[in-house]
Amino acid sequence: MTKLTTSRLATAALLALGACSSAFAHGKVECPEHPKAEWRPHTELQQKLEKEGWVVRRMEKTPTCYEVYAKDPQGKRIEAFFDPKTFERVEER
């Protein structure tokens, strides 16, 4: 192998490792599985959290949870997961 090929392979391996590590960054957060038809709108969760004093920056859907990036009522930046049917907060296991 040439030096350039080795360098490209190493770069590709690092990029792949970085992509995989972000997928596992959450530990073991598992929401109960519900059919998508039973999921409540994420905007409803955002309204609920804002009434409780949260400042929501961003929300994402995972295959089983709503993932919320926000500041909690105490001003602490957090990443939290919520059951999309009940809006109960799901903690790491």
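## The disulfide

The torsion about the S-S bond of C31 and C65 is about 115°, so this disulfide is right-handed. Helices (H or I, at least four residues) and strands (E, at least two) are DSSP runs, numbered from the N terminus.

Both C31 and C65 are buried, a term that stands for under 20% relative accessible area, while exposed stands for over 50% and partly exposed for values in between (1.4 Å probe, protein chains only).

## Basis of the values

This is a predicted model, in which local features need pLDDT of at least 70 and side-chain atom pairs count only at pLDDT 80 or more, whereas totals for chains, interfaces and linings use all residues. Residues are numbered from 1 along each chain as its sequence is written, and side-chain values use heavy atoms, with hydrogens and water left out.

The structure holds five salt bridges, each defined as a side-chain nitrogen of Lys or Arg within 4 Å of a carboxyl oxygen of Asp or Glu. One of them joins the side chains of K85 and E38, at 3.1 Å from N to O. This pair, too, links distant parts of the chain, since K85 lies in the loop between β3 (77-82) and β4 (89-90) and E38 in the loop between α1 (3-23) and α2 (42-51), 47 residues apart.

K85 has a relative accessible area of 34% and is therefore partly exposed, and E38, at 36% relative accessibility, also counts as partly exposed.

## Two further salt bridges

Another salt bridge is formed by the side chains of R40 and E44, with an N to O distance of 2.6 Å. R40 counts as partly exposed because its relative accessibility is 29%, and E44 falls into the partly exposed class at 32%.

The side chains of K48 and E52 likewise meet in a salt bridge, at 2.8 Å from N to O. With a relative accessibility of 33%, K48 counts as partly exposed, and E52 is placed in the partly exposed class by its value of 42%.

Terms used
A disulfide is a pair of cysteine sulfur atoms within 2.5 Å.
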